[in-house]
Each structure stands twice: as structure tokens, then as C-alpha cells.
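Please keep the sequence and the 3D view at hand while reading.

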Amino acid sequence: MADTQNMNSRRDALKTMFRGAGLLGLGGAAWGSAAIRLKASELTLRPPAAIKEELFVKACIRCGTCVEACPYDTLQLATLDDHTAMGTPFFKPRLIPCYMCTDVPCVPVCPSGALDLKNIAKQIDGVQTEKPDINKAKMGVAMLDQEACLAYWGIQCDACYRACPLLGEAITLEFKRNERTGKHAFLKPVVHRDVCTGCGLCEHACVTEKAAIFVLPRTVATGRVGAHYIKGWDEADEERLKNMKEAQTKKSSPEDELNDWEYLLDDE
Amino acid sequence: MIGNTCLMMSRIIWRNRYIILRRTVQIGLLVLFGGANWWGWKFLMGNYSSAYVFETFYLADPHAVLQTFAAGFVMSTDAIVGGIIVLLFYALIAGRSFCSWVCPVNMITDLATYLRKKWKITSKENFFSISRKTRYWVLGLGIVLSPIVGVAAFEIINPITLLHRGIIFGFGMGWAVIIALFLFDLLVVEYGWCGHLCPLGAFYSATSRFALIKVKHDVNKCSMCMKCFGVCHEEQVLHIVGKHSGFIKNECSNCGRCIEVCEDNALKFSIYNTKI
Ligand code: SF4
Ligand code: SF4
Ligand code: SF4
Ligand code: SF4
């Protein structure tokens with residue numbers, strides 16, 4: 001009698017344990033997949049000096065100190081409906097662009113390391129200093145939709161060119177004869193991605209209904225040629241050929257691409 | 001006549017002294033944090049995830065720092081030191097006080113409890129019941145999941161910081177989560193979130209075993225009216241009441257409700273020592 005009772009209680013205990021384990025697994029799976037979906041934020045523009053996106057969503061403690069430090073209310077913290085990791089800072093340049101403050105107040109206040117001054121450290125005579133250089137920020141890169149750009153229609157507009165804090169460097173104007181009228185010129189804006197910081201002042205300034213020039217995160221907007229193509233007309237690049245080891249000539253895997261983020265910072 | 005009203009008023013205030021104090025602290029902190037975003041004050045910038053205090057040092061949520069570490073990112077010294085300061089403060093001094101003196105969710109769940117009692121809402125036994133230990137599993141699961149999903153797993157769904165951020169920076173659709181949480185406490189499980197599920201409450205409960213500030217029970221004064229059981233949101237911690245003197249431990253959040261309702265002075269805040 002005592003034995004059967006014992007058996008029963010043991011069976012009960014086992015049952016409870018299994019049920020608990022099941023619930024735990026179920027909860028874990030649901031929570032885990034929700035977390036993975038919620039952290040996805042490929043199309044988000046981060047504050048200056050942000051570390052690469054993958055690490056950023058881990059690192060950022062979601063305090064909003066950077067948001068409060070920004071004098072222009074550029075940065076906002078993502079809410080549930082912002083399609084990016086809840087509570088992390090981002091900006092929408094068409095609403096408020098980054099005005100590229102020279103003292104970059106948003107970066108040094110970050111407690112977590114998600115915004116890292118090193119990423120935009122000023123170089124003086126080749127030596128890295130503790131000072132920020134906002135021109136080195138790589139928040140994103142401006143893309144231009146030629147079909148929607150008035151200047152490419154031949155109508156005079158240089159709103160983005162004039163708005164750019166790196167006027168003449170990040171955006172230049174390309175002169176072309178307008179064959180259609182025969183007596184006018186095209187003044188076509190061209191973005192140079194090695195200089196562009198992704199501040200979005202151009203997107204903000206664009207006069208079309210939906211901006212013809214807009215900022216995308218670099219990881220999304222840029223392609224990469226791969227080490228095995230050499231610019232034969234460029235001596236420095238030729239040098240590279242001599243030093244190249246065989247291992248480097250193979251195509252990089254998607255993983256390499258993810259791990260390699262240096263190119264975001266010092267694009268040549 | 002006027003004397004009488006005064007007397008009554010002061011009795012009401014006295015009988016709610018800790019609630020009044022707690023709400024003052026909770027709302028005061030919210031105003032200080034909000035002021036940083038709305039009016040550019042520099043006392044407390046940020047939020048309960050991490051706060052920049054007087055523009056000199058940082059405080060951080062140790063639970064968030066821990067999850068981030070588990071996810072594979074070591075935060076800057078600022079955040080780590082900030083997390084340690086907060087952890088030590090609650091672990092050595094204040095106990096689980098975060099929950100009833102600081103956390104903004106506490107005001108929501110307290111309201112739910114108040115209405116639940118007022119409207120006499122009781123959920124049927126077994127309709128939906130969860131163990132009070134669930135929160136420790138949630139706490140553990142959050143840490144285990146963090147490296148798997150590659151992000152601080154609880155922080156990405158955390159309704160506490162969602163509420164706090166919402167108040168300071170704007171809610172978006174975040175309202176829905178808070179309303180769901182309120183309804184859960186109101187209709188489904190009594191003390192559902194704070195008393196059963198919240199991993200942050202579990203975190204502070206687990207780490208503050210030896211905190212100095214604790215409620216002390218004097219069995220000699222106790223008349224066994226059981227009023228404290230009626231107000232405590234963690235009634236299991238009161239198991240010593242009426243049996244022997246000692247300190248209230250574990251999940252007690254130092255809210256002081258039991259002290260307020262006790263007419264025999266058998267409960268009061270005291271400094272913890274292991275001798276009793
Ligand atoms: S650089 Fe200035 S404008 Fe740009 S995000 Fe930082 S604080 Fe705001
Ligand atoms: S200051 Fe740093 S940790 Fe805080 S929200 Fe901004 S990026 Fe995240
Ligand atoms: S249990 Fe959680 S939600 Fe409730 S008061 Fe504590 S920290 Fe806040
Ligand atoms: S024991 Fe008293 S102080 Fe502790 S949680 Fe319960 S009512 Fe609050």
C-alpha cells in the first residue's frame with residue numbers, strides 16, 4: 001500500500017517536472033523568436049560613432065542619454081512600432097537630420113560603449129586624439145534616385161548640394177550639356193560615399209514630395225568589389241597585388257562580410 | 001469640529017504614511033528624469049536602464065548589464081560600475097525596495113490590485129494559476145536566452161523600462177503592453193506581474209537576502225488579526241507572523257503596507273541582524 005502511494009507520488013512529481021520543462025521550453029522558444037524578430041533593425045540609422053549594428057543592439061542599454069544630449073531632438077528612442085529594437089536610439093533624417101555638431105554631445109555621454117568615440121576620433125598629425133571629428137561619422141550613406149531628382153530632369157535645383165555640411169566633398173555637381181534644349185546645362189548632384197557621413201541634411205532639404213535623395217545604413221547601401229580585383233591604373237592598388245597572399249583571392253563568405261566592418265569606417 | 005477633522009486627516013495620513021512617501025519618491029524620480037528630457041535639467045538624465053547623475057557618474061540596471069554580458073558584450077566601465085553601485089545599494093542596504101519605492105510599474109499594478117479588491121474580482125481557482133516561483137525561471141531563462149538570441153533577452157521586451165521610457169520619451173504603441181499588464185493583474189492573476197512573473201523583482205529578491213533594511217516582527221505584540229496578510233503582495237513572506245519574532249525576508253519589497261495596517265505595532269522597519 002505504502003509502496004503504491006510512493007509510486008503514485010513519484011509519478012506525480014515526474015509529471016510536474018515534465019510539465020514544467022515543457023512550459024519552460026515553450027516559453028523559451030516563444031520568447032526567443034520574439035526577441036530575434038524584435039531586434040532586427042537593418043534599416044535603422046544610428047547616432048554618430050555607433051558600433052556595428054549587430055553589436056549595437058546588444059551593447060545599447062536603452063537609457064536615452066544620447067537622445068537627451070542632442071540639442072536638435074534628432075535622436076529618438078524606438079517605441080514598439082518603430083521596426084527596430086525597442087528602446088534603442090535612431091533618427092529619421094526627413095523629420096530631423098543630424099546637424100553634425102562639432103562637439104558631438106551625443107557620443108561621450110553613452111555609458112554602455114554602444115557609441116564609441118574611437119570610431120570618430122580626430123587625427124592630429126596621424127595621432128589619434130580623444131577629440132571627436134564629426135566628419136568621420138558613418139551613420140549611413142546618401143542614395144540618389146535619378147528618376148525622381150529634378151536636377152536630373154534638367155530643372156535647376158541644388159537644394160541637397162547646398163544643405164550638405166561637406167559641401168563640394170560629399171556631394172558635388174556634375175555639369176552636363178542638356179541635349180534636349182540645346183542651350184541649357186544639367187547640374188547633377190553626385191554623392192561620394194567615402195566622404196558622406198549620412199547626416200541626412202540632404203534628405204531633409206530635398207524639395208520633391210518624397211525625397212529623391214535619402215540616407216540608408218551603409219551595410220544596406222554599399223556593395224563591395226572584393227580583394228581580387230585590382231585597379232590596374234592605380235599604383236597604390238597595384239602594390240596591393242604584390243603583397244596579396246593566395247588566401248585573399250577567394251571570394252569572401254557572407255560571414256566574413258558580417259565580421260568585417262572596418263570598411264564602414266575607413267572606406268577608401 | 002475642526003479639531004476633529006484635523007485629527008481624522010492626520011490619522012489617515014499616518015495610516016498611509018509609507019504609501020504617501022513611496023508615491024512621492026516614485027513620482028519625484030519620474031519628474032527628475034522627465035525634466036532632463038522636457039526641460040533640459042541635468043540632475044538625472046536617461047532612465048532606469050542607466051542614469052547619468054549630475055553629469056558626473058552613471059547608475060545602471062545591474063540586471064540589464066548582466067544580460068548584456070551574457071549576450072556577449074562587455075559594457076564600458078561607466079555602465080559596469082554603475083550597475084555595481086545599484087546592485088550593492090539594494091543588496092546591502094535597501095533590499096527589494098526598487099519594486100515599491102522606485103519602479104513605475106508598481107503604481108500600475110497597485111492600482112490593479114486596489115480595483116480588484118474594490119470590485120471583488122476573484123479569478124476561479126485553477127482557471128489560470130501560476131506559481132510565485134515562476135519569476136525565478138523567467139530570470140534564469142532571460143540570462144540563458146541572451147547569448148542564444150544575441151541580445152539582452154529581457155530588455156528587448158521589458159515592460160518596466162518600456163513604461164519608464166514611455167513616460168519620458170513617448171510611448172508609441174507601448175501603451176498596449178501596459179494596458180495588457182494592468183488587465184492581467186486586474187482580471188487574471190492577483191499580484192500577477194510583480195508577484196509571479198517579473199524577473200527584475202526576482203533578481204532583487206535573490207540578491208538582497210542580507211540587506212540591512214528589513215521589516216521586523218515582534219510576536220509578543222501581535223494579536224493575530226491577520227490584517228497584514230490582507231495587504232501584503234507577497235504574503236508568503238509573512239509566514240513567521242504570529243509564530244515567532246524575526247525579520248521578514250525573501251520577496252518582501254519593503255513597501256511598509258503591513259506596518260501601516262498593523263494596529264499592535266508588531267511590525268516595523270528595522271536594521272537586520274542575524275541574531276534574532
Ligand atoms: S551630432 Fe549633434 S545633431 Fe547629430 S545626433 Fe549628435 S547631438 Fe544630434
Ligand atoms: S546613450 Fe548609449 S546606451 Fe544610452 S541609448 Fe544612447 S546609445 Fe544606447
Ligand atoms: S516586480 Fe518588477 S515590475 Fe513589479 S515593482 Fe518590482 S521591478 Fe517593478
Ligand atoms: S511584508 Fe510588509 S513590507 Fe514586505 S512586501 Fe509585504 S506588506 Fe510590504
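The second largest pocket has a volume of about 1200 Å³. A pocket is found on a 1 Å grid over the protein atoms alone, as an open set of points with protein on both sides within 12 Å along at least five of seven lines, and its lining residues have an atom within 4 Å of a point. Grid points are joined across faces, edges and corners, and the volume is the space filled by probe spheres set on the points. The model is predicted, so local features need pLDDT of at least 70 and side-chain atom pairs count only at pLDDT 80 or more, while totals for chains, interfaces and linings use all residues. Residues are numbered from 1 along each chain as its sequence is written, chains are lettered from A and ligands numbered from 1 in the order in which they are written, and side-chain values use heavy atoms, with hydrogens and water left out.

**The second largest pocket**
- Its lining has 32 residues, of which A:Leu23, B:Ile130, B:Thr134, B:Val138 and B:Leu197 are the closest to the centre.
- Two or more lining residues come from each of α1 (2-39) of chain A and α7 (134-149), α8 (159-169), α9 (174-188) and α10 (192-197) of chain B; helices are DSSP runs of H or I with at least four residues, strands are runs of E with at least two, and both are numbered from the N terminus.
- The largest share, eleven residues, belongs to α1(A).
- By class, the lining holds 23 nonpolar, seven polar and two charged residues; Ala, Val, Leu, Ile, Met, Phe, Trp, Tyr, Cys and Pro count as nonpolar, Asp, Glu, Lys and Arg as charged, and the others, Gly among them, as polar.

**Ligand surroundings**
- Residues around ligand 1 (one heavy atom within 4 Å of the molecule) include A:Cys70, A:Cys98, A:Cys101 and A:Cys106.
- The shell of ligand 1 has eleven nonpolar residues, one polar and no charged.
- Around ligand 2 stand, among others, A:Cys60, A:Cys63, A:Cys66 and A:Cys110, and its shell comprises ten nonpolar, two polar and no charged residues.
- Ligand 4 has 13 residues around it, with B:Cys232, B:Cys252, B:Cys255, B:Gly256 and B:Cys258 coming nearest.
- The shell of ligand 4 divides into eight nonpolar, four polar and one charged.

**Sheets of chain B**
- One open, antiparallel sheet has three strands in the order β1-β2-β3; strands pair if DSSP finds at least two bridges between them.
- Since β1 (44-46) and β3 (57-60) of chain B are at the edges with a single partner strand each, one side of each has no neighbour in the sheet.
- Strand β2 (residues 50-53) of chain B is joined to β3(B) by four bridges, and B:Ser50 has B:Ala60 as its bridge partner in β3(B).
- Five bridges pair β4 (residues 213-217) of chain B with β6(B), where B:Ser270 is the bridge partner of B:Lys214.

Terms used. On a 1 Å grid over the protein atoms alone, a cavity is a set of points where a 1.4 Å probe fits but cannot get out, and a pocket is an open set with protein on both sides within 12 Å along at least five of seven lines; lining residues have an atom within 4 Å of a point.
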